[in-house]
Amino acid sequence: MKTALVTGGTRGIGRAVAQRLKKSGYQVAVTGRRPVEQWDDELKREFLCLCADNAQEAGREAAVQAVLKAYGRIDLLVNNAGMAPKVRADLLEMSEASMREVLEVNLIGPFFLTQRVAREMITQGSGMIINISSMSAYTVSVNRGEYCVSKAGLSMMTQLFAVRLAEAGIPVYEIRPGIIKTDMTQGVSGKYDALIQGGLTPIKRWGQPEDVAEAVAMLSENRIPFSTGEVINVDGGFHLQRL
């Protein structure tokens, strides 16, 4: 049975991904920053639950070691853990502390977790890595510039590892969600309701975490074996240029 490690898997997109991979037959380990005792019973019943701060080397290493101890291998890494800035500040007012915090969680953590897991995958002779980025990788929001920079970096990270790991037969993909109904977007739901109905996206509805999870499931089944570094947009068509 194949094993997947999903970071930030306690809610939203990460949770939907974990549930979908389990449905596909994976053994799934999920990480989160809250103590496992605070997780709900469904999570603790269905998955290997790991309290691990993805932004810290010790947390990443502990998670990898726990999965290897439990299952002996990691066949799929889904880098999903991420955060929005705590304060949406204009680009000219954004603090250095906020930039550092968001980059550590959204980019530096996934980069070095990928590096660590990739070495295990090379040793075992197989594996796959999927990075969950955002339409913010290329869409400017001047009141959350640190988030945009982190996601643009994650997009380049996908390409870097795709090239480096191709010789080992380990594909690396990027899934780019658009406007998804999660806790992260709850505070701006009214704004996006109006934008969606006004035609922001050709498909006039919110994306759901399950929409992203289906894209992960498709890739996890190795349906495009002659591809790596590909970007899968899950955004209702937002990325399409229109007149």
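How much space lies in the largest pocket? About 1000 Å³. This is a predicted model, in which local features need pLDDT of at least 70, side-chain atom pairs count only at pLDDT 80 or more, and totals for chains, interfaces and linings use all residues. Residues are numbered from 1 along each chain as its sequence is written, and side-chain values use heavy atoms, leaving out hydrogens and water.

Let's start with the pockets. On a 1 Å grid over the protein atoms alone, a pocket is an open set of points where a 1.4 Å probe fits, with protein on both sides within 12 Å along at least five of seven lines, and lining residues have an atom within 4 Å of a point. Volume is the space filled by probe spheres set on the points, which are joined across faces, edges and corners.

The largest pocket has 41 lining residues, and R11, G82, M83, A84 and M184 lie nearest its centre. The second largest pocket has a volume of about 210 Å³. Its lining is made by 15 residues, with K2, G127, M128, P171 and N222 nearest the centre.

Now find S134, in the loop between β5 (128-132) and α5 (145-166); helices (H or I, at least four residues) and strands (E, at least two) are DSSP runs, numbered from the N terminus. S134 is buried, with a relative accessible area of 7%, where buried means under 20% (1.4 Å probe, protein chains only). Leaving aside residues up to four places away in sequence, S134 touches Y147, K151, I175, R176 and P177, a contact being heavy atoms within 4.5 Å.

Key. Buried < 20%, exposed > 50% of the residue type's maximum accessible area, 1.4 Å probe, protein only.
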